[in-house]
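Please examine the structure shown below before reading the notes that accompany it.

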Amino acid sequence: MSIRFNGDLPLWAGLLVGLLISSIAWVYYYRDTRHLTNRLSWLLPSLRALAIFLVVIILAGPVLHHRQVIGQLGRVLVFLDGSQSMGVPDPNMALRRKLLLSESFGWIPRDTVDISLMIMHDRLVAVREQAIAEMQQDAADQSAKMQCFRTFAEGVQGVADRMDQYRWDDLPTPEGSKADWRGIAARFQSEIVASADTLLAQSSAESHAGQTRPEETRARQLLALCRSMESFERSLSAAFELYCSEVAGHEGKRVTTALELLDETPRWQRAERLLLDDTSGLLRQLASTHDIELYRLAGTKAEGIWDSGAAGDMPHHFGSTPSAPTTDLGSGIRRTLTLLQRQSASSEKEPGSAQRTAVLLLSDGQHNSGPSPIQVARVLGSQRIPVYTVGLGARREPPDLALLDITHPDMVFQKGRIHGTLVLKDEMPPGREFLVQIEHDGQVVWQRQLKTMTSRQRRIGFEFPVDDIVKQTVSRQEDRLEHHAIPITLQASILPVDGEADVTNNSREMRFAAITQTHKLLLLDSWSRWETRYIRNCFQRDQQWQVDTILVGQTTTRDSLPRGEGRDTFPTKRSALMDYDLIVFGEVPADVLSDQEQLWIRDFVGQRGGGIVFIDGRNGLLAQLDPKTIGAMLPVSRLDGHIETKPERLQLTRQGISQGWLMLQPTSQANQRFWTELPPPSQIEPVRALPGTEVLAEAVVNGKPVPAIIARSFGAGHVLYFAFDETWRWRYKAADTYHQRFWNQVAKWVMPRPFAVSDAYVALDSGPPSYTEGDTAEIRVQLHGADGQVVNDSTVDALLWREGQIVSTVHLESDGTSSGTYHGRTGQLVQGEYAVSVRAAGFSKQALTARTQFCVLARPNNELKQLSSNTPLLDELAHVSGGRSLGEEQIGQLVELLKPLSSGRIVETDTLLWQSYWWFSMIIGLLTIEWILRKRAGLL
């Protein structure tokens, strides 16, 4: 029992007016009683004011509502998809669905559309699906199979009877078609109905004769007959669509207006009408026989909207708009059912008295987040909780172009070209021209004219130079800073085409860093091996690299190391050697380099953080390096003797599989296989990996693995060792395809990452130019004193700025080497534009002027990539749980489908309090008491 208010004024207005008038009355009557010394001075005007309040509140229409449950009610849990895709309209929905929806909304008169053809189609589909389901169960019960044959025959006969009664001559023939509707109906009678009757008769005769074996043959015949029925289903569907086109063309402006209105109505509002409409809403039809709980699926949660068992009227709208950035059709339903089952278990008094429950899901089915809803539906089906799905939205994608994604490298050399791929969604009719372009500051740097192809996804490659773009960006940078990596922002877009469903998904930003400094490689060897030649050629062809090659030894024209400041010479100063990024060290005799130069090379790796690659050979000269200088960096020790047997193949180790720079194929599985197919070296050097190193690749010799590529960290830098010198063989029939790619990836991994920007005292880097919301950024800083030497003992913090305000301070720790480098990582980042500056003990704010910038982008929203209704998923959800899948225009069928859940009903009655004797008695009673008290006080 509850009190409701159904009057001319809403409750808040009735209360406001009642309080106002009663307050005025209290003040007015208090003038007569204020001279009284006892309680009557305020009690008498209060009684009069309360009586007046009860009179005024009648305008709000107080009603005493009684709710009585007779029998056992079924329970329906209604889940409404609250994702963003539910906020889009469906102008490309099939015409027949539009007409049926317009009828259900009352926008066109009832029975405007004759649904006889649709009923025949749906009945035929139901008969076929039921027969297939029963036959696939492969039941051993012969009587069950006989019943299946009988049900099938009766079902198709029922459809045939409807066909005989239908006015086929009134149905138009599509232009250019030779469709004979009456002939199709006749063929259905002869091909399907007659065959079904024959099948039933033969099966019955064999059953009476005790012949059970041919039953399997009859089952196969029935399944074949079901497949033949599909062509008749398509004919009925086409006939109904044609009929609806005829209706739309002849019913006049009212139908046209209704269809236009429906085209503009989002799915969310359509669902609101279908469920909550005062006259035809599904929930209002179910409320008298079922307990109903209405939820909105928002992310991983299910938010309650209305519960019929609680006090309060059914809402007229959902009270919110669909805003969830993802669609999760599993988590919210699973959590809600788990919670309700726990509550039911704790309050259940009698075994077997639990309510029969069904789940009703209204969604477009575009599940893109969370656990599989099919698994959730399967679990519900095992608990005898069927899932009924109602698919909202058109079943085909609307005509639209969209830029779904852009793939491109994070870093590009200034003098090079950027390569990438635009991923497009093309759902437009074929043959229409459109333009794709990439802009920088409003200037087009690349464009391509294309034609639509009605392809779900297209990949369009692009390539263009970045030098001019970098120069324009650098011209706006501060002159006092040295920029080594310039952040570049470009805008890729599809120019809008007439008829697109959504033009807001036609553009995306692409961000990358342009490297302005040239990398330097020092290549040392004692003879001109094929390996040395091809490595030199590989890097010399790349404008990003400056290569200095020194060949010195008995097998060359030089017996001593050429030293100097020019090209192809060994630096005479330690600082000049530190300008290199990578050293490739071949079989160089130990006596060629002085002790000081060997220390420089060790410091280049250990302190500067440079990278070194050792390439061993058959002369074994690397084993003779001084273990206190260069030899200390080797990750291996040389074994005695030689391996005479040629290796059978190369293979990646478990550690090597996880290294991205060893990827030569797009997938890990394909890459592992590819390494075994690479031409193996003709000779491998016998070495043993030292503790603390990683064997990344092995050579298989006589079936046993031998270390081939070994890596280690040394101080601030990386060391890579090759026990063979024949990667050049990988060029066989492939040229530079894999060899150059491999060595480029080796160089990027082993050499130090460049800092983005530097001033006289600090070098600063904050990683790639863009991150995704929720990521963390690694910040690197290198400090130099006034004398140019690195500073290793300072207290360093990175200041994180957003929108001109410091939002975080990140303490940076020294990397433990003598390189003056400090590292730190931010917390999880939120969307926005960021800048990073440095604060260090012993340095003034004016001295540390270097800043980097990066952008944090919102996580990709896949919610609006696909706008059609995912009917197959909704069908599967219903199938595995034992429910039914319907279109939104068929939602009225749920009244009959859900009827078996309930064996009870709800009787609701209202007592109009403002018309009752009780209400009148209260008012008279208050006035009577006031009159008696006034008389006793001598006021009458």
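This is a predicted model: local features need pLDDT of at least 70, side-chain atom pairs count only at pLDDT 80 or more; totals for chains, interfaces and linings use all residues.

Residues are numbered from 1 along each chain as its sequence is written, and side-chain values use heavy atoms, with hydrogens and water left out.

**Nonpolar cores**

- A nonpolar core is a set of buried Ala, Val, Leu, Ile, Met, Phe, Trp, Tyr and Cys residues joined through side-chain atoms within 4.5 Å; buried means under 20% relative accessible area, with a 1.4 Å probe and protein chains only.
- The largest such core has 86 residues, and L117, F152, F188, L275 and L362 touch the most other members.
- Helix α7 (residues 215–250) gives the most to this core, namely 14 residues; helices are DSSP runs of H or I with at least four residues, and strands are runs of E with at least two, numbered from the N terminus.

**Helix α12**

- In α12 (residues 373–382), the buried residues include P373, I374, V376, A377 and L380.
- These residues lie on the same side of α12 because they cover an arc of only 160° around the axis, the arc being that of the directions from the helix axis to the C-beta atoms.
- R384, whose phi is positive, near 60°, follows α12.

**Sheet**

- Three strands form an open sheet in the order β8-β10-β13, with antiparallel pairing; two strands pair if DSSP finds at least two bridges between them.
- β8 (401–407) and β13 (455–465) are at the edges, each with a single partner strand, so one side of each has no neighbour in the sheet.
- Six bridges join β8 to β10 (residues 417–426) in the antiparallel sense.
- T421 in β10 is the bridge partner of T407.

Notes: Buried means under 20% relative accessible area, exposed over 50%, partly exposed in between (1.4 Å probe, protein chains only).
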